[in-house]
Amino acid sequence: MGLPAGAKLELLSPTEMADADRLAIAAGPLDGYGLMKRAGEAVAAVVLARYPSATRVHVLCGPGNNGGDGFVVARLLAETGVEVALWTSGEPRAGSDAAIAATQCLLERKPLAAFAAEPGSLIVDALYGAGLSKDLSGDAARAVDSAARLSVVAVDLPSGVSGDSGDILGTAFRADITVTFARKKPGHLLLPGRDRCGEIVVADIGIGDDIIAQVAPRAFENKPAFWLDALPVPAVDAHKYKRGHVGVFSGGPSATGAARLAALAAARSGAGAVTMLSPANAMQVNATHLTAIMLRKADAIEDVQDFLGDRRSSSFVLGPGFGVGDKARDFALAVLGRARQEGGVEGLVLDADGITSFRNAVSTLFEAAGRPDAPALVMTPHEGEFGRLFPDIADDKSLSKLAKARAAAERANAIMVYKGADTVIAAPDGRAVINANGAPWLATAGSGDVLAGIVAALLAQGMQAFEAACAAVWIHAEAGSRFGPGLIAEDLPLALVPVLRELVEARQKVPIG
């Protein structure tokens with residue numbers, strides 16, 4: 001699926017941002033210093049608009065291009081009459097764009113080692129930005145401590161935050177506003193860096209969409225513009241099975257609630273029919289609590305095979321409250337063993353116990369998912385579950401959460417929904433999105449079961465697996481955020497309704513073809 005015009009959801013790694021700068025300079029008309037001037041102008045405009053009463057502005061400049069942006073900011077603010085103190089760490093390389101910016105800024109330079117700022121003043125952090133690759137230390141680290149109680153505007157990214165991973169490199173500024181250029185970086189959205197960025201302003205400095213297209217980034221911010229044109233909307237002549245049929249596997253009599261949450265979420269998310277596949281000894285418990293959800297016995301693999309042949313469910317959820325063991329593995333492999341054209345199964349959402357059941361049989365799962373005609377596999381692990389299936393990837397400190405999700409998706413032949421407040425969704429082909437609308441209210445038992453049901457419903461209605469996972473994660477988070485304090489998982493299926501209504505209304509306004 002292509003990005004809608006103007007969406008600007010691409011995320012650029014620091015390396016990709018450097019490529020974009022290089023391509024833009026080669027294309028003209030702006031040279032490197034021209035881009036630097038645009039960046040400085042954008043930051044200065046934010047400072048003047050947002051902090052008109054700041055008694056003094058302290059601009060902290062490093063020796064690289066981020067510092068060059070800072071020299072431009074300092075000069076422009078001083079030209080408007082703002083009282084500016086300029087603090088520097090090292091000299092820009094001779095002949096560089098940053099050196100040009102430094103020579104055009106005639107303010108007195110003070111050594112960063114002596115930095116001190118009075119209460120009520122404003123800090124512009126132009127020390128290192130997104131390109132930092134080692135821990136912040138020395139004078140820069142002391143500057144972070146000195147600015148702890150002051151307002152900070154960061155240039156590109158708060159110094160000390162990795163642009164690739166969002167990791168804190170030693171220490172980092174906590175910005176009120178971060179002004180970045182052309183596109184966001186992964187470090188703006190991945191935790192803990194996201195918490196240090198404050199409000200993020202993306203400034204246009206003359207790097208056009210055509211340049212970004214040449215860079216061809218494969219990571220995006222997860223917003224409706226990314227998947228809205230694929231969101232299913234029922235046709236006028238739709239009937240329940242035409243809208244997709246979801247099968248949800250239930251656990252035993254004392255563990256049925258999680259599956260019911262997934263089933264109800266699937267129904268609320270547009271699936272025309274939902275069937276709970278229940279052990280015989282849990283049929284009565286499930287029947288007591290289910291109304292619109294159908295119920296069918298599934299004790300043995302033969303029961304699953306019969307259901308696959310009779311009902312032709314479009315997608316399945318396996319894992320919530322199901323129990324860990326051979327039965328979970330057998331049922332999952334039965335679904336994955338069904339060719340799409342044979343049984344019409346579009347996908348399997350494997351969550352919770354379903355994931356853990358394969359910790360000692362990962363190759364079996366991954367091989368089943370890798371068959372050309374296999375249903376799509378969507379896995380929704382939290383950090384602990386991720387580590388059970390991918391211990392080597394999870395333990396690799398050199399990899400960001402984005403890189404880990406991509407590596408796992410490729411290995412598993414699956415869509416990976418690596419959950420958390422900064423959920424990453426990755427596809428085997430390298431596409432990935434980072435979700436940024438997560439809410440702390442979703443940290444409640446059963447929330448993930450609801451997410452699994454939403455994914456399955458969108459799959460059942462014909463949405464491609466990657467887009468279905470992206471949409472489900474955003475919808476789930478948006479519903480939780482809007483509900484707010486007091487949220488429990490039982491609230492979520494109904495809380496989905498206003499979010500889905502707005503999306504469907506927006507979808508119907510999107511031109512098709």
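In what order do the 7 strands of the open sheet stand, and is the pairing parallel or antiparallel? The structure is a predicted model, in which local features need pLDDT of at least 70 and side-chain atom pairs count only at pLDDT 80 or more, whereas totals for chains, interfaces and linings use all residues. Residues are numbered from 1 along each chain as its sequence is written, and side-chain values use heavy atoms, with hydrogens and water left out.

The order of the open sheet is β4-β3-β2-β5-β6-β7-β8, with parallel pairing. Strands are DSSP runs (E, at least two residues), as are helices (H or I, at least four), numbered from the N terminus; two strands pair if DSSP finds at least two bridges between them. Strands β4 (109-111) and β8 (199-203) form the edges, each pairing on one side only. Within the sheet, β2 (residues 57-61) and β5 (residues 122-126) are paired over 5 bridges, and Val59 lies opposite Val124 in β5.

The whole structure contains 25 salt bridges (a side-chain nitrogen of Lys or Arg within 4 Å of a carboxyl oxygen of Asp or Glu). One of them joins Glu118 and Arg56 at 3.7 Å, N to O. Glu118 lies in the loop between β4 and β5 and Arg56 in the loop between α2 (32-50) and β2, 62 residues apart.

Asp351 pairs with Lys419, with the closest N and O atoms 3.5 Å apart; these residues are separated by 68 positions in the chain. Both Asp351 and Lys419 are buried (under 20% relative accessible area; exposed is over 50%, partly exposed in between; 1.4 Å probe, protein chains only). A network of salt bridges links Lys8, Glu10, Arg183 and Asp209.
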